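Please find below a short note for a colleague who is meeting this structure for the first time.

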Amino acid sequence: MAVCYDKLFHLMIDRHITNAQLITKAGFSANILTRLKKNEYVSLESIEKLCCAMECSVDDILEFQENVNDNR
């Protein structure tokens, strides 16, 4: 399973929030935003900051997707 943050970026567009605004509002580094864009691992603490900043739940910003190369 992989995590996909496409929902977050759609929500940002809907709410007219820029990358810089999100970084400032959530209080994390630009590196975290880069990791989100690449669907890489982000700590639960960062997810919590995102949810607080965006005033939403976890389901609103991420979803789990099955890996194509996952042979389980």
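The numbered points below concern a predicted model.

1. Two residues deserve attention for their backbone angles. Most residues other than glycine have a negative phi. Histidine 16, however, has a positive phi near 55°, and glutamate 55, likewise not a glycine, has a positive phi of about 50°.

2. Where does histidine 16 lie? Histidine 16 belongs to the loop that runs between α1 (6-14) and α2 (19-26). Its relative accessible area is 68%, so histidine 16 is classed as exposed.

3. Glutamate 55 is placed in the loop between α4 (44-54) and β2 (63-65). With a relative accessibility of 68%, glutamate 55 is exposed.

4. How many salt bridges does the structure hold? There are two.

5. Arginine 35 is partly exposed at 27% relative accessible area, and glutamate 40 is partly exposed at 33%.

6. Another salt bridge links glutamate 45 and lysine 49, whose closest N and O atoms are 3.9 Å apart. Both residues sit in helix α4; because they are four residues apart there, about one helical turn separates glutamate 45 from lysine 49. Glutamate 45 is exposed, its relative accessible area being 51%, whereas lysine 49, at 30%, is partly exposed.

Terms used. Residues are numbered from 1 along each chain as its sequence is written. This is a predicted model: local features need pLDDT of at least 70, side-chain atom pairs count only at pLDDT 80 or more; totals for chains, interfaces and linings use all residues. Side-chain values use heavy atoms; hydrogens and water are left out. Helices (H or I, at least four residues) and strands (E, at least two) are DSSP runs, numbered from the N terminus. Buried means under 20% relative accessible area, exposed over 50%, partly exposed in between (1.4 Å probe, protein chains only). A salt bridge is a side-chain nitrogen of Lys or Arg within 4 Å of a carboxyl oxygen of Asp or Glu.
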